Amino acid sequence: MSIVSALLVPGSPLPQLRPDIAPWGRLRDALATVGESLAASRPDCVLVYSTQWFAVLDQLWITRPRSTGLHVDENWHEFGEQPFDIHSEPALAQRCIDACNGAGIKTRGVDYDQFPIDTGTITAATLMGFGTSALPMVAAANNLYHSGEQTEQLGAIAAAALHDKRVAVVGIGGLSNSMFRENIDLRKDRYVSENDDAWNRRLLALIEGGDVDAVRAILPEYAEQARPDMGLKHFHWLLGAMGGGFRQAVVHEYAPLYGSGGAVVEFRLP
């Protein structure tokens, strides 16, 4: 397989909808920066997993060549709309579907007009510049019944199915996932707790250092203490696609998103 770049990015729409809020604007700038890095790696496609695309019965993949529409996030609707025009690569998605089914994971494609593309995928594709006709995506759903370990297996299966392609892999999701339930002054956004912030920073430091064994060892306690987005399944997806390891990483930005934690991380591959 040929993974040419790997990125972990937040799925919140706030960096796109309200970049005037300082921490959210910094995340938007970081997403643009890693989008340039992704393009510079010259991938044939972008292999995407978003924690916000929920599936229950099967593992789903987008097989519609082009999806367009106007999206309104269910939580941040007061901040505006997100128009999208996203291109996918059906033939490559079908490879992943066949490989997953071959591994005993019940999988199928979705090809419907106005199928609800999730906020995370729309935000990342828009701000990073993928999902175009020149740089199509191959997008997988977050099956709610899959563990982190099975999600890692899925990432590995998908990467292997695309072994003859240059592939950029993107895991979309947040870190600590507790948010304020009351109105706050947006200009003073912060983390819900010092504990969340401390655990996020501890995890990111280990990721930056490339100590994969230490990262794996800390993940259960991190999940308990920081209650990350979907148990950090998007990171497991990346580990699987990267073959279980990476040399080191660069944290381009780490900032609060209405109390939760968001980071833009670029992995250095072996």
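Tutor: Let us begin with a convention: an angle between axes under 35 degrees counts as roughly parallel, over 145 as roughly antiparallel, 65 to 115 as roughly perpendicular, and the rest as oblique. The structure to which we shall apply this convention is a predicted model.

Student: Which quantities describe two packed helices?

Tutor: Two packed helices are described by the angle between their axes and by the distance between those axes. Consider helix H3 (residues 90–102) and helix H5 (residues 148–161), whose axes come within 9 Å and cross at roughly 125 degrees.

Student: How close do the axes of H5 and helix H8 come, and at what angle do they cross?

Tutor: The axes of H5 and H8 (residues 233–241) come within 7 Å and cross at roughly 40 degrees. By the convention above, H5 and H8 are therefore oblique to each other. Their crossing is right-handed. The residues of H5 that meet H8 include Gly 148, Leu 154 and Ala 158, while those of H8 that meet H5 include Lys 233, His 236, Trp 237 and Leu 239. The contact of H5 with H8 divides into seven nonpolar, five polar and two charged residues.

Student: What is the handedness of the crossing of helix H7 with H8?

Tutor: The crossing of H7 and H8 is left-handed. H7 (residues 212–226) packs against H8 at an angle of about 150 degrees, with the axes 13 Å apart. Since angles over 145 degrees form their own class, H7 and H8 are roughly antiparallel to each other. Val 212, Val 215, Arg 216 and Leu 219 of H7 meet Phe 235, His 236 and Leu 239 of H8. By class, the contact of H7 with H8 has five nonpolar residues, one polar residue and one charged residue.

Student: Which residues line the largest cavity?

Tutor: The lining consists of Leu 8, Leu 175, Leu 203, Leu 204, Ile 207, Leu 232 and Val 265. Helix H6 (residues 194–209) supplies the largest share of this lining, with three residues. By class, the lining has seven nonpolar, no polar and no charged residues.

Student: How is the lining of the largest pocket divided by class?

Tutor: The lining of the largest pocket divides into eight nonpolar, ten polar and three charged residues. This pocket holds about 400 Å³ of space and is lined by 21 residues. Gln 52, Asn 75, Asn 177, Met 179 and Asp 229 lie nearest its centre.

Key
Residues are numbered from 1 along each chain as its sequence is written. This is a predicted model: local features need pLDDT of at least 70, side-chain atom pairs count only at pLDDT 80 or more; totals for chains, interfaces and linings use all residues. Side-chain values use heavy atoms; hydrogens and water are left out. On a 1 Å grid over the protein atoms alone, a cavity is a set of points where a 1.4 Å probe fits but cannot get out, and a pocket is an open set with protein on both sides within 12 Å along at least five of seven lines; lining residues have an atom within 4 Å of a point. Helices (H or I, at least four residues) and strands (E, at least two) are DSSP runs, numbered from the N terminus. Ala, Val, Leu, Ile, Met, Phe, Trp, Tyr, Cys and Pro count as nonpolar, Asp, Glu, Lys and Arg as charged, and the others, Gly among them, as polar. Axes are lines fitted to C-alpha atoms, for helices over the stretch in contact, and angles run from 0 to 180 degrees between N-to-C directions. Grid points are joined across faces, edges and corners, and a volume is the space filled by probe spheres set on the points. A crossing is left-handed if the near helix is turned anticlockwise from the far one by less than a right angle, and right-handed if clockwise. Contact means heavy atoms within 4.5 Å.
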